Amino acid sequence: MKKQTLHTIVWKENKLFIARFVEFELASQGKTKEEAITNLKEALTLYLEDEKVAGLRFPSVEEVTTQTISI
C-alpha cells in the first residue's frame with residue numbers, strides 16, 4: 001500500500017495542545033505540538049489494531065505521513 005497523508009489540526013486549549021485528524025474521529029493532547037502529534041499517531045496505531053480485528057484494511061502507521069495545520 002502506498003503512503004497516505006492524513007491531515008491534522010493542532011490548537012492550544014489552556015496549557016495543552018490538542019491534535020486531531022481531519023479524516024478520522026481521533027484526537028489527542030500534549031504539552032507541546034510535537035507531543036500532541038506523537039500521541040495522536042499512537043492513538044491511530046491503537047485504532048488501526050482494532051479495525052484489523054474487524055477485518056478492515058487500513059494503512060499501517062509507517063505508511064502514514066501527517067500534514068499539520070496550526071490554528
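Because the model is predicted, local features need pLDDT of at least 70 and side-chain atom pairs count only at pLDDT 80 or more, while totals for chains, interfaces and linings use all residues. Residues are numbered from 1 along each chain as its sequence is written, and side-chain values use heavy atoms, with hydrogens and water left out.

Q: How many aromatic pairs does the structure hold?
A: Rings of Phe, Tyr and Trp (its six-membered ring) pair if their centres lie within 6.5 Å; planes under 30 degrees apart count as stacked, over 60 as edge-to-face and the rest as tilted. By this criterion, the number of aromatic pairs in the structure is 2.

Q: Why is the pair of Phe21 and Phe24 classed as it is?
A: The ring centres of Phe21 and Phe24 are 6.4 Å apart. Their planes stand at 70°, so the pair is edge-to-face.

Q: Is Phe24 buried or exposed?
A: Buried means under 20% relative accessible area, exposed over 50%, and partly exposed in between (1.4 Å probe, protein chains only). Phe24 has 14% relative accessibility, and therefore counts as buried.

Q: Which aromatic residue in helix α1 pairs with Phe24 across distant parts of the chain?
A: Phe24 takes part in an edge-to-face pair with Tyr47, at 5.4 Å centre to centre and 70° between the planes. Helices (H or I, at least four residues) and strands (E, at least two) are DSSP runs, numbered from the N terminus. Phe24 lies in the loop between β2 (16-21) and β3 (27-30), and its partner, 23 residues apart from it, lies in helix α1 (residues 33-53): Tyr47.

Q: Which residue forms a salt bridge with Arg20?
A: A salt bridge is a side-chain nitrogen of Lys or Arg within 4 Å of a carboxyl oxygen of Asp or Glu, and the count comes to 1. Arg20 is partly exposed, with a relative accessible area of 24%. The closest N and O atoms are 3.1 Å apart, and the partner of Arg20 is Glu25.

Q: Which side chain is joined to that of Glu23 by a polar contact of 2.6 Å?
A: Glu23 is placed in the loop between β2 and β3. Not counting residues up to four places away in sequence, Glu23 touches Thr5, Leu6 and His7 (contact: heavy atoms within 4.5 Å). A polar contact is a pair of N or O atoms within 3.5 Å; within protein, one must be able to donate a hydrogen and the other to accept it, and residues adjacent in sequence count only if both atoms are side-chain atoms. At 2.6 Å, the side chain joined to that of Glu23 belongs to His7.

Q: In which sense do β2 and β3 pair?
A: Two strands pair if DSSP finds at least two bridges between them. A hairpin through 5 residues joins β2 to β3, and Ala19 stands opposite Ser28 in β3. Over 4 bridges, the pairing of β2 and β3 is antiparallel.
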